[in-house]
Amino acid sequence: MLKVEICGIEFKNPVIAASGTFGFGEEYGNIYDVSKLGGISSKGLTLNPKEGNNGLRVFETRAGMMNSVGLQNPGVDGFIKNELVKMKELDTVVIANLGGGTMEEYLKGVEKLSNSEVDMIELNISCPNVKSGGMAFGIKSDVAYEVVSEVKKICRKPLIVKLSPNAEDIVDMAFKCCEAGADSISLVNTFKAMAIDINRRKPVFENITAGLSGPAIKPVALRMVYEVAKAVDVPVIGLGGIVSAKDAIEFIMAGATAVQVGTANFMKPDICLDIIEGIEEFMKKENIRDLKEITGCI
Amino acid sequence: MENSKLAYTKENVYENVRINDSTFKIVIKGKFEGTPGQFYMLRAWAGEPLLSRPISIHNLYGDRIEFMYQVVGEGTGILKKLKPGDEIELTGPLGNGFDVSVIKGKVAVVAGGIGTAPMSYLVKSLEGAEVTAYYGFRDQVYCLDEIKDSVKELNVSTEDGSTGHKGYVTDMLDPGLYDMVLCCGPEVMMKKVVDMCLAKNVDIYVSMEKHMACGIGACLVCTCRTRSGNKRTCKDGPVFRGADLIF
């Protein structure tokens, strides 16, 4: 009833734990059976391990939060050797989220992950491009096109490209990523945002800007998912402020085949289970037998 | 610390005691797990504020758990208004806690302000040690009565001089007299105590506090810098070896 399929991979339900808030599933696995999830997208990996940012990494806002973790992660090799082994013991779809600072890092990372046991690769193009003074790969469509097309040449797993809402033109970005060969599009990552400490007269974050997530971004994320789903033919995975089954269903009706839940995990550790249950209840109430009946029905 | 006892549950407030205008103690009846220095993520609201709040275990008894907290913002502002019977969500026990098995000999427990809260549970658990407490406050004092029977000596300082020594807790402390120091309080205070201990080659453990999101070790926002890399305050800590920390 809740099953969905993306790129030939079956998800027992459309709820995936979003990258960044869930680690590799181990910690939340101590609180509930995370095999009940449709899938887990790993903490964002980079080719080499990263220590992440110094200073404050989290700041609460109205209906949301900002984070500046800086992609602290064990590196692709470390992940494959350690965390992936434990993830594969779970009965859920394993998605490796991969970022990079240069084209070379993306390619080497994708090569290694293609040889591993991950089910899918989610390409994080919100990373700053070292060569262009730190502007993220996912801002200009032609830059993203280049990365995705080079990655696609060597990628041997279904490739999801995760879009940044800071893209100059999110629909054109999605379109170009599909032209470059993306098998699926997930959106949105965090919004570039800021807060200022008026007593210290400085930005709250050492990096000045940070990523905004949570219920605050949902109306904008939903609009973007709707517009992108209309423009592309590949399955779309929607995320951005989903904290309830109702939110998830909105994204599905807007065109998402599956959804990801991130920041909501901080509100209630097993909120993903509530969301899965709530979707099922809605389907029963509305006599919906297959989510395809309402996917993109708007 | 093992995770098999980690749980998310919905409980009811038994009592919410006013200690002073900005310090309160919530008592929840039931059977709970936890060791000294561990904490729980508390939540007594729906969506706003977004995040739950990490509060140390103040006391743990067979039939109840107690959290003492300072009202500093939105979340603790809501906790302050809770009444008996109100619902409160708990995720825990979390963190590593103090390793009571290595705490022996002459021990100094040094705490400042709300940092005295977790020390109540700790001090009552230190049976194999001779404990001297050094508690410092701005003005109003608390947590003194409940530890005075468990310690060899209790030294109190207040910045305004209203109780005990006028000044800081660090004025009263000579780490050289002790085998080990255990510390919790404002970071500025803990850094000073760590420096004092390292200068006299005395082992020190401190309980760090950071803003947290997940509280269980998944999201990496509560990082603490140490000489062996970035650690998660909620999972690898909150108790760290003073010598390892980079303040």
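In the predicted model, the axes of helix H3 (residues 103-114) of chain A and helix H4 (residues 141-154) of chain A come within 9 Å of each other and cross at roughly 30°. Axes are lines fitted to C-alpha atoms, for helices over the stretch in contact, and angles run from 0 to 180 degrees between N-to-C directions. H3(A) is therefore roughly parallel to H4(A), a label given to angles under 35 degrees, with those over 145 counted as roughly antiparallel, 65 to 115 as roughly perpendicular and the rest as oblique. The crossing of H3(A) past H4(A) is right-handed, the near helix being turned clockwise from the far one by less than a right angle. From H3(A), A:Met103, A:Tyr106, A:Leu107, A:Val110, A:Glu111 and A:Ser114 meet A:Val147, A:Glu150, A:Val151 and A:Ile154 of H4(A); contact requires C-beta atoms, placed from the backbone, to lie within 7 Å. This helix contact comprises seven nonpolar, one polar and two charged residues. Here Ala, Val, Leu, Ile, Met, Phe, Trp, Tyr, Cys and Pro count as nonpolar, Asp, Glu, Lys and Arg as charged, and the others, Gly among them, as polar. Helices (H or I, at least four residues) and strands (E, at least two) are DSSP runs numbered from the N terminus.

Residues are numbered from 1 along each chain as its sequence is written, and chains are lettered from A and ligands numbered from 1 in the order in which they are written. Because the model is predicted, local features need pLDDT of at least 70 and side-chain atom pairs count only at pLDDT 80 or more, whereas totals for chains, interfaces and linings use all residues.

In chain A, eight strands close into a barrel with parallel pairing, in the order E3-E4-E7-E8-E9-E10-E15-E16. Neighbouring strands of this sheet are turned by 25° against each other on average, direction ignored. Within chain A, strand E7 (residues 93-98) and strand E8 (residues 120-124) pair in the parallel sense over four bridges, pairing being assigned where DSSP finds at least two bridges. A:Ile95 stands opposite A:Met120 in E8(A). H3(A) packs on the sheet, where it touches E7 and E8 of chain A, and its direction makes about 165° with that of E7(A).

The contact between the chains takes 26 residues from chain A and 22 residues from chain B. On the side of chain A that touches chain B, two or more residues are given by each of helix H1 (26-29), E5 and E6 of chain A. E6(A) gives the most to this side, with three residues. The residues on this side divide into eleven nonpolar, ten polar and five charged.

Several backbone features lie in loops. Most residues other than glycine have a negative phi, and most peptide bonds are trans. The peptide bond from A:Leu187 to A:Val188 is cis, with omega near 15°, and A:Val188 is placed in the loop between strands E10 (184-187) and E11 (191-194) of chain A. A cis peptide bond also links B:Gly237 to B:Pro238, with omega near 10°; B:Pro238 lies between strands E15 (229-232) and E16 (239-241) of chain B, in a loop.

A:Ala63, although not a glycine, has a positive phi of about 55° and is found in the loop between strands E5 (58-61) and E6 (64-67) of chain A. A:Ala63 is partly exposed, with 18 other C-beta atoms within 10 Å; a residue is buried with 20 or more such atoms, exposed with 12 or fewer and partly exposed in between, C-beta atoms being placed from the backbone. A:Arg201 likewise has a positive phi of about 55° and lies in the loop between strands E12 (196-197) and E13 (202-203) of chain A. With 7 other C-beta atoms within 10 Å, A:Arg201 is exposed.

How values were computed:
Two residues are in contact if their C-beta atoms, placed from the backbone, lie within 7 Å.
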